[in-house]
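Please open the structure in a viewer and keep the selection panel at hand.

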Amino acid sequence: MARDSGAIEIAEGVFRIGTDTGRSGLSGFGYLIIDGNECAFIDPGSAVDFDEVLKQLRLIIEPSRITWIIAHNHSADLCSSIPLLEKNGFRGSVVLDWRTLLVAQHYGIHAPYYMLNEHDFALRFASGRILQFIPAQYLPCAGSVLTFDLRTKILFSGDLFGAAGVPSSPWADSSYPEAMRQYHEHAMPSRTIMAPLMSRLLLMDISMIAPHHGAVIKDRLSENIRFLHELECGGRAASPRKQLGRDGTW
């Protein structure tokens with residue numbers, strides 16, 4: 001059973017909810033952005049952790065008040081809980097890339113889809129707040145994207161910048177780059193694919209990086225981005241280091 005770690009507000013109207021240790025031994029956190037009467041829920045998480053997530057969610061907002069669910073990619077640990085949110089009242093739209101839809105539709109989602117490629121990779125709130133989506137193909141899925149909130153300048157990064165085996169603190173410390181190493185060596189395909197995106201992120205004005213796994217990075221942002229820029233991953237890069245357990249845990 002995943003441990004309830006409690007929701008925290010990482011910026012005004014932006015909440016991190018989820019669990020420190022999910023089924024695979026990885027933390028799993030989604031993010032709520034509440035803006036007036038509208039709400040976006042980013043990467044709501046795994047079906048197996050849903051009870052804990054729903055309990056935390058309802059302390060902040062009812063599923064029926066969620067306007068959009070954003071799926072950064074089709075991985076089950078990020079978005080397989082969407083049908084369960086529908087059963088608990090969610091009646092909004094699911095925001096994703098068309099390549100993510102190819103797999104995500106098999107989870108049994110009934111909500112309408114907001115296709116990013118048909119909306120210039122952006123989502124606008126009634127207040128004028130804009131979420132900009134950054135393509136991150138094959139990091140780790142073909143349709144992966146990142147979400148950048150232009151108001152708070154928080155980068156919601158999905159699997160990227162995730163880590164395994166980090167302390168329960170929601171905030172990354174100076175040891176975080178090494179915590180990212182093991183996860184990225186296994187989860188990401190290659191430095192050739194990852195480095196160009198990291199180069200783009202280094203040019204952006206980012207206040208925080210909020211990944212689905214691991215901790216929120218609010219200090220030493222450039223250091224963490226440069227670490228992933230230089231990291232060799234995929235294939236033989238992961239073989240000398242600790243492997244996944246036979247039970248699928250980290």
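The stops below begin with a central residue, continue to the helices, and end in the loops.

The model is predicted, so local features need pLDDT of at least 70 and side-chain atom pairs count only at pLDDT 80 or more, while totals for chains, interfaces and linings use all residues. Residues are numbered from 1 along each chain as its sequence is written, and side-chain values use heavy atoms, with hydrogens and water left out.

**First stop: Phe161**

Select Phe161, which lies in the loop between strand S11 (154–158) and H5. Helices (H or I, at least four residues) and strands (E, at least two) are DSSP runs, numbered from the N terminus. Phe161 has a relative accessible area of 0% and is buried; buried means under 20% relative accessible area, exposed over 50%, and partly exposed in between, with a 1.4 Å probe and protein chains only.

Which residues does Phe161 touch, not counting those up to four places away in sequence? They are Tyr176, Met180, His184, Met198, Leu201, Ile209, Pro211, His213, Ile217, Asn224, Ile225 and Leu228. Contact here means heavy atoms within 4.5 Å.

**Second stop: the nonpolar core**

Select Leu160, Phe161, Met194, Leu197, Met198 and Leu201, which touch the most other members of the largest nonpolar core, a set of 28 residues. Strand S10 (145–149), H5, helix H6 (191–202) and H7 are the elements that give two or more residues to this core. Such a core is a set of buried Ala, Val, Leu, Ile, Met, Phe, Trp, Tyr and Cys residues joined through side-chain atoms within 4.5 Å.

Now centre on Met194. Leaving aside neighbours within four places in sequence, Met194 is in contact with Leu139, Leu160, His184, Met188, Leu228, Leu231 and Cys233.

Show helix H5 (residues 176–187) together with helix H7 (residues 221–230); they pack at an angle of about 30°, with axes 10 Å apart. H5 is therefore roughly parallel to H7. Angles under 35 degrees count as roughly parallel, over 145 as roughly antiparallel, 65 to 115 as roughly perpendicular and the rest as oblique.

On the H5 side, select Tyr176, Pro177, Glu178, Met180, Arg181 and His184; they meet Glu223, Asn224, Phe227 and Leu228 in H7.

H6 contributes Arg191, Met194, Ala195, Met198, Ser199, Leu201 and Leu202 to the contact, and H7 contributes Ser222, Ile225, Arg226, Leu228, His229 and Glu230. The axes are lines fitted to C-alpha atoms, for helices over the stretch in contact, and angles run from 0 to 180 degrees between N-to-C directions.

**Last stop: the loops**

Select Leu139 and Pro140, which are joined by a cis peptide bond with omega about 5°. Pro140 lies in the loop between strand S9 (130–135) and S10.

Move to Asp43, in the loop between strand S4 (38–42) and helix H1 (50–58). Asp43 is not a glycine, yet has a positive phi of about 50°; at 2% relative accessibility, Asp43 is buried. Finally, select Phe121, in the loop between strand S7 (113–115) and strand S8 (122–124). Phe121 has a positive phi of about 55°, although it is not a glycine.
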